[in-house]
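Hi there,

Here is the structure I promised to pass on. Have a look at it first, and my notes follow below.

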Amino acid sequence: TGKAVSTVEGVTEPDVRTRWGVDLDVEKYNFILQAEYIDGQDQGTTKVGGGCGGTQIDVVGDFKKNGYMAQLLYLTKWGIQPVVKFESYDPNTANDTDVTKFDKQQDWTFGFNYFFNESTRLQVNYVYRSEESGDTEATYHEKANDFLVMQIQVQF
């Protein structure tokens, strides 16, 4: 928990930020199960948007945020590790007014890791993303924002 100076012009009270989370990590028989829950509250002002080159805006108000994820991986004897992951994040669970109607985002990730050796791996994942509006009735509206991610990691 902490306080920060607001970046909104005319706001003199400091913003208050509170965060907490819990993680789970279980490994057995080459399976890995990982899960996480995060929770936060912003009082005063908060920044929204800005991801992937978007414009970030300041919004005055109190916001309760939360999210969770769970993923399952299995390492085969050939160095291939299939991955399935589900993530959900709601940037504003407490307020659904028109001004602060930000989308709840849910991602499904399907892919694999390939380990060339202990220090190098290739990751290839497809992420299916859906958004839920902040209306009183939960409605989903698809955006064309699914994506394919490829990454090579090398440990030195």
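On the surface, Leu24, Val26, Tyr29, Phe31, Leu33, Leu72 and Tyr74 form a nonpolar patch with about 670 Å² of accessible area together (Shrake-Rupley method, 1.4 Å probe, only the protein chains shown counting as cover for residues). A patch takes residues with over 30% relative accessible area and no salt bridge, joining like charges within 9 Å and nonpolar side chains (Val, Leu, Ile, Met, Phe, Trp, Tyr) within 5 Å. This is a predicted model, where local features need pLDDT of at least 70, side-chain atom pairs count only at pLDDT 80 or more, and totals for chains, interfaces and linings use all residues. Residues are numbered from 1 along each chain as its sequence is written, and side-chain values use heavy atoms, with hydrogens and water left out.

Strands β2 (15-28), β3 (31-43) and β6 (63-74) each supply at least two of the patch residues; strands are DSSP runs of E, at least two residues, numbered from the N terminus.

Now the charged side. The whole structure holds seven salt bridges (a side-chain nitrogen of Lys or Arg within 4 Å of a carboxyl oxygen of Asp or Glu). Arg17 pairs with Asp15 at 3.4 Å between the closest N and O atoms, and with Asp42 at 3.9 Å. Through shared partners, Asp15, Arg17, Arg19, Asp42 and Lys65 join into one network.

Best wishes

Terms used: Helices (H or I, at least four residues) and strands (E, at least two) are DSSP runs, numbered from the N terminus.
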